[in-house]
Every structure is written in C-alpha cells, then in structure tokens.
Amino acid sequence: MILWVMAGLLFTPLAWAVLTLLTGFRHGRWISWLGIVLQALVSVGLWAFVTRDGGFYYPLGGWQSPLGIELRVDGLAVTFVLLTAVVAGACGWHASLYLDPEKSWHRYFWPLFWFLWAGLNVVWLGDDLFNLYVGLELISLSAVGLVALGGQAGALRAALRYLLAALLGSLFYLLGVALLYGQFGSLSLSGIAGLLESGDVESVPVVIMVLMLFGLAMKTALFPLHKWLPPAHGIAKSPVSALLSALVVKASFYIAARVWLETGHHMGGYALGQLLGALGGAAVIWGSWLAFRQEKLKQVVAYSSVAQIGYLFLLFPLTWNVSETISVQAQQGMTLQVISHALAKSAMFLAAGNLILSVGSNRVDALAGVSRFLPFSLFSFGLAGVSLMGLPPSGGFAAKWLLLQASLASGQWWWLAVLLFGGLLSAAYVFRVYRASFVEKTDVDEFYHPHRSLEVIPMILALLSLGLGLVAEPVLSVMAISFSEGGGL
Amino acid sequence: MTPSLLYAFAGVGLCTIGLYGFVRLAHLLRKLLAFNLIGSGVFLVMVGLAQHHNGPDPVPQALVLTGIVVAIAATALAVVLIRRYFHLSGQTTLAEPARGNDEGASQSGEDRQR
C-alpha cells in the first residue's frame with residue numbers, strides 16, 4: 001500500500017508532465033485537474049500512514065541506502081507535502097482559468113507545472129544529498145521555464161537572471177556536497193549525522209557548511225543575494241508568481257534547515273548562525289522598506305517575499321547550541337512561518353493578479369476606485385496581509401510569537417527588534433495598497449470582472465492562512481511525529 | 001600529493017577561474033561558459049577528493065555522470081532563453097534598457113512558438 005502512495009507522490013507528477021506535454025492547454029487542463037485530485041489524495045494518504053505508524057525511511061525501488069536512494073518520511077516532510085498539495089493545487093486551478101488558452105505557448109504551462117511539483121516532492125522527502133541537488137535543479141529549471149512563459153523580453157531577462165543565480169547557487173551547494181562526500185564517504189544526511197554523533201570523525205572544516213549554506217541562501221534569495229527574485233516573481237504570470245514565492249524558494253530553505261538541524265552542531269558555529277540570522281534580519285527590514293517604495297503592485301508583493309524569507313533565517317541562530325525546548329520552539333516557529341507565508345503569499349499574488357486583470361495596469365496607483373468593483377479580491381489581499389503583518393489570530397502571528405519566545409528564552413533578545421519592526425513595516429506596505437484602492441477621484445468606471453472562481457481561490461488561501469493560528473496545535477503535532485521504533489517499513 | 005588530490009586541486013582552480021568569469025563577464029554566452037567551467041571544476045573535486053580519501057570509488061563517478069546530464073539540460077535551457085532574448089531585445093547582456101520602454105518595446109515582437 002505504501003508503495004502506491006510513494007509512487008503516487010513521485011511518479012504521477014512526472015507521468016503527468018509527459019502526458020500534458022502531448023496535449024494542448026485545454027486538454028491539459030482536464031488531465032491536470034485529475035492529477036491535482038490524485039496528488040491531494042496520495043498526500044493525505046501519506047499523512048494517514050505517518051500519523052498511524054510514525055515516520056520511516058523508504059528505500060526507493062527496494063535498493064538499500066549506500067547504493068540506492070533513500071527517502072525520509074517524517075512529520076516535517078509530510079507537513080510540507082500536504083502544504084504543496086494545497087498551494088500547488090490552488091495555483092493550478094487558478095492558472096487553468098487565468099491563462100489564455102488561445103496563446104499557443106501556454107500549453108507548456110502544464111508540463112512545467114508538473115515537473116515543478118515532482119521536484120518539490122523529491123526535495124521534501126529526500127535524504128540523499130545528491131538526490132536533493134537533482135530535485136533542486138528540477139525545480140529551478142521548471143521554475144525558470146514558467147517565468148519565461150510570459151514570452152516578452154522583460155520576462156526573458158528576469159528568467160535568465162533567475163536561471164544564472166539558481167545555477168550558481170546549486171553549484172556551490174554541490175561543491176559542499178562533494179567535499180562532504182570526500183570527508184565521510186556517504187551522501188545520506190542521516191548517515192552523516194550519525195557519523196558526527198558517534199564522535200569518531202575528526203573536526204569538519206566549517207567551509208563545507210559555508211559553501212552549502214551560501215549556495216542554498218542564494219537560491220532562497222536571502223539578503224543581499226535577493227536581487228534576482230523581485231524581477232522574476234514580479235513579471236511572471238500571477239499563478240506562477242504564487243507558486244514561486246509560496247513553494248519554490250522554500251525548497252532550498254528546507255534543505256538548508258535540514259542540513260543545519262542535523263549537522264549544524266558539529267559543522268556550523270555560533271558566528272555562522274548569528275551571521276545568517278543577521279542577514280535574515282536585514283532582509284526583513286530592507287525588503288519591507290523596498291516593498292513600501294515599489295510602484296508596481298506585484299513588485300510590492302515580490303519584495304514582501306524577500307522580507308518574509310528573512311524571518312525564516314532566524315532559525316539558524318535560534319537552534320545552535322540551545323536547549324532542546326528552545327530549539328523545538330524555533331523549529332515550530334519556522335514551520336508555521338513557512339506554511340503561513342506560503343498560504344498568504346499565494347493568496348496575495350493571485351488576488352493581485354485579479355486586480356491587475358481588472359484595472360488593466362500593474363501600477364499601484366492605477367488601483368484607484370477598484371475597491372467598489374472588486375471588493376472580494378481586495379479583501380483576500382488584505383486578509384493575506386494580516387497574516388504577513390503577524391496580527392492575531394493569523395498563522396503569521398503564531399509563527400512570530402514562537403520565534404519571539406525562542407529568542408527570549410535563548411537570551412538572544414536582539415531578534416526582537418527585527419520581529420517587531422518587520423511587522424510594522426509590512427503593515428505599512430499593505431495599507432499603502434489599500435489607500436490607493438480607496439481613492440475615489442477617478443474617471444474610470446469600466447472594470448473587467450474576472451471569473452468568479454478566480455476570486456474564490458485566493459479567498460480560500462487567505463482564510464486558511466488566517467485560520468492557521470487557531471489550529472496551530474494540530475498542525476504542529478503533525479510536524480512533531482517522530483520515527484517509528486523499527487525505523488524500516 | 002597523489003594524482004587524485006591533484007585532480008581535486010585542479011578542480012578548485014577551475015572553479016575559481018569560472019567564478020571570476022561568471023561574476024566579471026557581462027556577455028550571456030560567456031557567463032554560461034563560465035558556469036560550465038565551474039561545473040567541471042566541481043565534478044573534478046567530487047571524483048578526485050573521494051578517490052584520495054576512499055580509494056577508487058564508483059559512487060562519485062555515477063554522481064558526476066548525473067551531474068553532467070543536469071548541467072547539459074541547464075545549458076540547453078539557457079541557450080534557448082538567450083537566443084530568444086537576443087531575438088526580442090537585440091541584447092546580449094542583462095543590462096536594463098533605458099527606463100520606460102522595458103515592456104512596450106517587447107510587445108512588437110510577435111510571439112511565435114517557443
């Protein structure tokens with residue numbers, strides 16, 4: 001039975017990618033709806049398995065670890081698989097109505113979408129460092145293709161810039177993996193962690209960790225390596241931007257977090273953790289400030305992603321050499337931040353896409369008067385904004401609350417300033433969009449009305465993100481599922 | 001200094017040269033070549049260092065084979081994008097065009113099948 005679930009998670013997206021490559025956009029739409037339902041089912045199936053029996057390692061194709069590829073299915077991985085099913089499903093649904101089937105090149109959306117999904121599942125479940133690299137590259141290449149789907153010179157420039165940054169990041173990560181393999185003769189993350197714990201390895205040079213984290217931080221667009229993100233996320237089609245901001249940048253962060261949590265105590269250091277935290281803090285402040293200054297609506301949302309990613313990097317200082325409870329608190333805060341940002345940001349991008357579709361311009365000041373014509377989309381935008389600001393009861397609030405508690409408990413009070421100031425700045429850029437939309441002084445009263453479903457999808461996502469704070473306990477309990485006693489099947 | 005270690009050092013050298021080119025050169029094709037140079041360097045490190053520590057080892061060889069496939073896929077995608085970008089904008093670098101026409105200018109190029 002578990003075989004079918006794993007096959008469903010990894011094989012179907014690849015099969016669907018090939019299938020949709022053979023059809024046009026309209027047929028691809030039907031096939032993809034079916035695929036999204038299937039993915040949701042197998043994701044829930046995996047969750048049911050893991051809650052019943054605990055986490056496990058799954059050797060792909062029955063080949064054991066040194067030779068074969070081992071997958072690691074634990075609470076955190078399941079949480080991310082489920083999140084992907086929700087967000088990618090919603091974005092796929094939105095895209096099926098949003099993209100114009102008459103433009104012939106839009107038929108490539110579906111194959112790229114499914115390759116992206118396959119790569120994401122590989123990364124969430126991977127335990128083999130090289131396989132994680134392949135998963136990351138699969139994600140990057142399909143994401144770049146999706147950005148280039150816009151087809152114009154601006155989109156291609158953004159896509160190329162994104163591609164070059166992503167490739168360089170991957171190579172740095174791969175160089176780290178190469179050095180790690182030279183040192184340990186193993187590629188399994190849990191195997192390396194075991195070797196480090198057993199204590200019979202001489203000290204590991206910190207340069208390995210620096211190389212891997214530098215590469216991954218570049219792919220996650222950590223300040224000051226964030227320059228590629230706003231053009232790519234800003235110019236892509238709205239469902240694509242939503243996918244990229246919500247899930248793609250999280251993939252490289254997830255690997256960085258996994259590597260740090262498993263091996264950071266031996267391979268990292270206090271200074272490295274503090275440096276990453278400081279860069280994250282700078283990203284929060286600088287990204288929010290730039291978001292406030294942008295003229296184009298989607299650039300506001302894209303810079304907001306740079307800021308929100310910054311919070312995630314507080315994980316590194318808050319889990320290095322602290323007591324178990326503080327570390328768990330920081331991890332829970334990170335997980336909630338990932339989930340709430342993924343839901344809120346996809347809602348925001350989809351809502352922004354509707355607003356742009358409606359007013360026919362991508363500028364913030366063109367939104368004047370739209371509040372009376374498209375209140376639903378604007379409301380979703382605002383609800384998502386509430387979560388980004390970190391107001392209760394949103395998921396963003398719960399995440400920041402946990403991070404705040406972890407910083408106080410570990411005596412690193414300086415992160416408080418980041419958490420408080422970042423919230424204020426995000427309020428500033430959300431309200432700026434609102435202010436523009438309530439301006440009544442306009443002669444335009446012709447607004448295009450998007451399809452009803454297009455407005456419902458961001459609303460659902462925004463409500464999920466808002467409600468996350470209320471159901472934080474059950475969500476975190478999934479993440480906390482540990483490995484079953486036997487360890488195997 | 002074993003020959004394997006020499007490979008690893010050569011790999012580090014290639015990475016450095018490639019990185020320098022990647023950062024300093026503006027022409028997109030040159031950037032792409034620099035990327036390939038870094039890639040080759042990483043592969044050399046991967047095989048050389050593992051052989052130095054563990055003796056002849058098939059695993060890194062298999063990894064490098066996969067890595068080469070990934071690098072070719074990435075290079076192919078980059079070349080297609082660069083060509084298309086050149087057709088649409090007439091540029092070979094990522095420099096932003098003068099303000100104001102960065103979306104308008106590209107509208108004229110009717111999009112054929114990509």
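Predicted model: local features only at pLDDT ≥ 70, side-chain atom pairs only at ≥ 80, totals over all residues.
Local features required pLDDT of at least 70 and side-chain atom pairs pLDDT 80 or more, while totals for chains, interfaces and linings use all residues. Residues are numbered from 1 along each chain as its sequence is written, and side-chain values use heavy atoms, without hydrogens or water.

Chain A contains 19 helices and two strands (DSSP runs, numbered from the N terminus: H or I of at least four residues for helices, E of at least two for strands). Its radius of gyration is 21 Å, close to the 23 Å from the globule rule for 489 residues, so chain A is as compact as a globular protein of that length. The radius is taken over C-alpha atoms; the rule is 2.2 Å times the number of residues to the power 0.38. Along the principal axes, the C-alpha atoms fill a box of roughly 75 × 55 × 40 Å.

Of the 489 residues in chain A, 65% are buried (under 20% relative accessible area, 1.4 Å probe, protein chains only). Contacts are heavy atoms within 4.5 Å. Among those between residues at least 6 apart in sequence, 82% join residues at least 24 apart.

Helix 6 of chain A covers residues 153-184. This helix of 32 residues reaches 46 Å from first C-alpha to last, close to the expected 46 Å (1.5 Å times one less than its number of residues). Just after helix 6, A:G185 adopts a positive phi of about 65°.

Terms used. Chains lettered and ligands numbered in written order. Buried < 20%, exposed > 50% of the residue type's maximum accessible area, 1.4 Å probe, protein only.
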